[in-house]
Amino acid sequence: MNTAVNLTVAIPTYNGENRLLRVLDKLKEQVNTEHINWEVLVVDNNSIDGTAKIVQEYQENWLQNVPLKYCFEREQGISFARQRAMNEAKGELVGFIDDDNLPFANWVNSACKFAQEHPKAGAFSSKIHGIFETNPPEELKDITFYLALVDRGSEPLIYEPRKKGLPPGAGLVVRRDVWKKYVPAKLLLIGRTKKRWMPTGQDAEALLYIHRAGWEIWYNPEMEIEHIIPSSRLDEKYLRGLMRIIGLGRFHLRMLMLDWWQRPFAFCAYLINDFRKIALHFLRYRKVLDRDIAAACEMERLLATLISPFYLWRIRISNFTKLY
């Protein structure tokens, strides 16, 4: 008789041969999992390096009772890799660990325990510590949370999208049947790809569909991971690009939180408020925008948020014309 799989740990990766090693080693060190039936699934997102070979080598000397699986997803983008993980996973829960995330030794146990104790939780997130290759300058510390760092204290809490936002996909655990029932197979926001930077927010988009279906989204501080952040992600060009695609996805996320009849009125209100925020930010930082990276990045996000509805409408029209 087949035993139900409690948890699938899914690792989306692109050219991750040098990063996967540490992640897989951390998963081999998980404790208190004797009564948990779990598996690990590496989703190779169109890599051109030795990712497949690394997984094959680990499979030969892996944990006896924990399957280590591999699949290849050709469509580039984290949203496509996560959707492929959902299709391939056998677990009742699917936990996403990126290839630069190092889970603490009790992560698997804490995830399964939390799911049992909170049956109304459709998804729940981790506490995420940043491990910087180089310490961020003091002026960047106000925007480093955009690099998927999460610390909302030592007690669990429910996310309220309009007040507390939503967590990133790194370290997120989702009930597989909830995702497959309520999250569209193809999201509008796909984020960075190998060829270009598209509007991001795919993690929040998926969670908003789950939230709208009546499921709770939680923060679980007992699930802890370390997020390795290379020096390149503190580069001004990278940060400006990141803030731009965050802003470009903002309109779609705003509309998902509203009923259809509220959206025309909200569009006008948001447009006016976004103009106001840009004007205030410019007046406050106009003398330092050329040398204050944090202020310049925030202006990038505000401007992208302003044009977000028009940019996304263009994407929708483009997608529609490709179908006909």
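**View 1. The protein chain folds into 11 helices and nine strands.** These elements are DSSP runs numbered from the N terminus, with helices being H or I of at least four residues and strands being E of at least two. Welcome to a predicted model, in which local features need pLDDT of at least 70, side-chain atom pairs count only at pLDDT 80 or more, and totals for chains, interfaces and linings use all residues. Residues are numbered from 1 along each chain as its sequence is written, and side-chain values use heavy atoms, leaving out hydrogens and water.

**View 2. The C-alpha trace spans about 65 × 45 × 45 Å along its principal axes.** Of the 324 residues in the protein chain, 51% are buried (under 20% relative accessible area, 1.4 Å probe, protein chains only).

**View 3. Here is the largest nonpolar core, with 94 residues.** Such a core is a set of buried Ala, Val, Leu, Ile, Met, Phe, Trp, Tyr and Cys residues joined through side-chain atoms within 4.5 Å. Val9, Trp38, Val40 and Phe124 have the most contacts inside this core. Another core lies apart from it and has six residues, including Ile278, Leu289, Leu302 and Leu306.

**View 4. Meet Phe124 and the residues that it touches.** Leaving aside residues up to four places away in sequence, Phe124 touches Ala111, Phe114, Ala115, Gly171, Leu172, Val173, Trp218 and Met223. A contact means heavy atoms within 4.5 Å. Across the protein chain, 81% of contacts between residues at least 6 apart in sequence join residues at least 24 apart.

Note on methods
Buried < 20%, exposed > 50% of the residue type's maximum accessible area, 1.4 Å probe, protein only.
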